[in-house]
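I opened my notebook to walk through this structure one item at a time. Here is what I looked up, in the order I went.

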Protein chains: 2
Amino acid sequence: MQKPAHTQYTIHSLLQNRWSPRAFSKDAVEHDKLQSLLEAARWASSCFNEQPWHFIVATNQHKEEHARMQTCLVDGNSWATLAPVLMITVAKLTFTHNETPNHHAYHDIGLAVGNLVVQATDLGLSVHQMAGIYPDVAKSLYHIPDNYDALTALAIGYVGDPQSLPDELCERELSTRTRRSLSDFVFSGQWGQSSPIIQK
Amino acid sequence: MQKPAHTQYTIHSLLQNRWSPRAFSKDAVEHDKLQSLLEAARWASSCFNEQPWHFIVATNQHKEEHARMQTCLVDGNSWATLAPVLMITVAKLTFTHNETPNHHAYHDIGLAVGNLVVQATDLGLSVHQMAGIYPDVAKSLYHIPDNYDALTALAIGYVGDPQSLPDELCERELSTRTRRSLSDFVFSGQWGQSSPIIQK
């Protein structure tokens, strides 16, 4: 199953075909592919080249570890327990060179995960990012230090059959993808003022 | 000039060749390319599909607007005044459906800008992201509402000649790109414990 974005302007196929499924195949993800995903994350840009990103990884080849990580997910994300690979992203909240607060730590995790997702798409994998985690459970379970936040979980694998999902989720899986219009978020000169770059 | 990442594992060329230059050519950026950049940002994923990202855009085809945006940059980023396109990214801090805080707003700006950067790389453009802005100046200048944060600036254009930069910046432009080792930020089972996925 594919679910490409219906774009107004042309974008690269890796961005157009990226999509967050809930139905994953049981097929394991090859280690060399996971290596490429994490390497892609590694080369994101970051404020002061701090690289505040960290990834805790659990694959279903180690069932106990996979089950441990599942306890960090909120009930609404229980579909993700079937994804062969789970990760938890963790942000360091201070700069290493002077231990002052890094206001852009969360932002830079987004950049790193964005890279990971592009690499995954290129390798035929899908990633579903989840904000719905219990950060305190993750911190306690993995002994994450104080000045770090557990931020998101990632479900990673090959896309599966939507019919394998409960009815409500299956319906969401098949529904049309939507986004706000460019004119709603691209401005010039003043807040709310359409940019001449965007045609209405 | 190109400055590809020296990777341990293979990654897609768009990620490998992405790099943040300071020297930009004077050549204007075509409108249709800017449209694709913003369309790419549009299709990022986000928490509850909130799409908290906003972009204020200034091109050097409108010199007055370009000069206004330059006043938002800290002195250390004055090299960016020569980039033909500047943008300021703005995050909405609350969810539109219930106006509660969106803890992932900054993270999701990172995802959107990550998409924009991949698209730019594919079109032969370079992007240099800057945390060094005066957010309050931007908020006041553009009348950005209270529950929004100005987060970063983007310098966008075709890469230029490093020799056009002051000596110190030229040296940085030509220096080797570095990243932490994968084993420093990829863990399994417990914080700080190397993942079996990563070979040391």
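This is a predicted model: local features need pLDDT of at least 70, side-chain atom pairs count only at pLDDT 80 or more; totals for chains, interfaces and linings use all residues.

**Entry 1: what counts as a pair.** With the rule in hand, I checked β1(A) against strand β2 (residues 85–92) of chain A, and they pair in the antiparallel sense over seven bridges.

**Entry 2: chain A as a whole.** I counted six helices and five strands in chain A. Reading along the sequence, I wrote the pattern down as α-α-β-α-β-α-β-α-β-α-β. I then asked myself what the radius of gyration of chain A is beside that of a compact globule. Along the principal axes, the C-alpha atoms of chain A fill a box of roughly 55 × 50 × 30 Å. Buried residues make up 48% of the 200 residues in this chain. I also looked at contacts in chain A with a separation of 6 or more, and 72% of them join residues 24 or more positions apart.

Entry 3: I zoomed in on where β5(B) joins. Two bridges link it to strand β1 (residues 53–59) of chain A, and the two strands run parallel. A:Phe55 has B:Val186 of β5(B) as its bridge partner.

**Entry 4: the other sheet.** I traced a second open sheet of five strands in the order β5(A)-β1(B)-β2(B)-β4(B)-β3(B), also with mixed pairing. At its edges stand β5 (186–187) of chain A and β3 of chain B, each with a single partner strand, so one side of each has no neighbour in the sheet. Here β1(B) and strand β2 (residues 85–92) of chain B pair antiparallel over seven bridges, and B:Trp53 stands opposite B:Ala91 in β2(B). α4(B) packs on this sheet, touching β1, β2, β3 and β4 of chain B, and makes about 150° with the direction of β2(B).

Entry 5: Is strand β3 (residues 126–130) of chain B mostly covered or mostly open? It is mostly covered, with five of its five residues buried. B:Ser126, B:His128 and B:Met130 point one way, B:Val127 and B:Gln129 point the other way, and all are buried. Five bridges join β3(B) to strand β4 (residues 148–157) of chain B in an antiparallel run. B:His128 has B:Ala155 as its bridge partner in β4(B).

**Entry 6: how the chains meet.** How many residues does each chain bring to the contact? I noted 61 residues from chain B and 61 residues from chain A. On the side of chain B, α2 (31–42), β1 (53–59), α4 (105–122) and β5 (186–187) each give two or more residues. The largest share on that side, twelve residues, comes from α4(B). By type, the residues on the side of chain B divide into 31 nonpolar, 23 polar and seven charged.

**Entry 7: symmetry.** I superposed chain B on chain A with a rotation of 180° and 0.0 Å of shift along its axis (RMSD 0.0 Å). That is the relation of a two-fold axis. The same surface serves both copies, as 100% of the contact residues of chain B recur in chain A.

Entry 8: A:Asn49 has a positive phi of about 50° although it is not a glycine. I found A:Asn49 in the loop between α2 (31–42) and β1 of chain A, and it counts as partly exposed because it has 13 C-beta neighbours inside 10 Å. A:His143 also has a positive phi, near 60°, in a residue other than glycine. A:His143 sits in the loop between α5 (135–142) and β4 of chain A, and with 10 C-beta neighbours inside 10 Å it counts as exposed.

Definitions and conventions: Residues are numbered from 1 along each chain as its sequence is written. Chains are lettered from A and ligands numbered from 1 in the order in which they are written. Helices (H or I, at least four residues) and strands (E, at least two) are DSSP runs, numbered from the N terminus. The radius of gyration is taken over C-alpha atoms; the globule rule is 2.2 Å times the number of residues to the power 0.38. A residue is buried if 20 or more other C-beta atoms lie within 10 Å of its own, exposed if 12 or fewer, and partly exposed in between; C-beta atoms are placed from the backbone. Two residues are in contact if their C-beta atoms, placed from the backbone, lie within 7 Å. Ala, Val, Leu, Ile, Met, Phe, Trp, Tyr, Cys and Pro count as nonpolar, Asp, Glu, Lys and Arg as charged, and the others, Gly among them, as polar. Two strands pair if DSSP finds at least two bridges between them. Copies are superposed by least squares on the C-alpha atoms of residues with pLDDT of at least 70 in both. Axes are lines fitted to C-alpha atoms, for helices over the stretch in contact, and angles run from 0 to 180 degrees between N-to-C directions.
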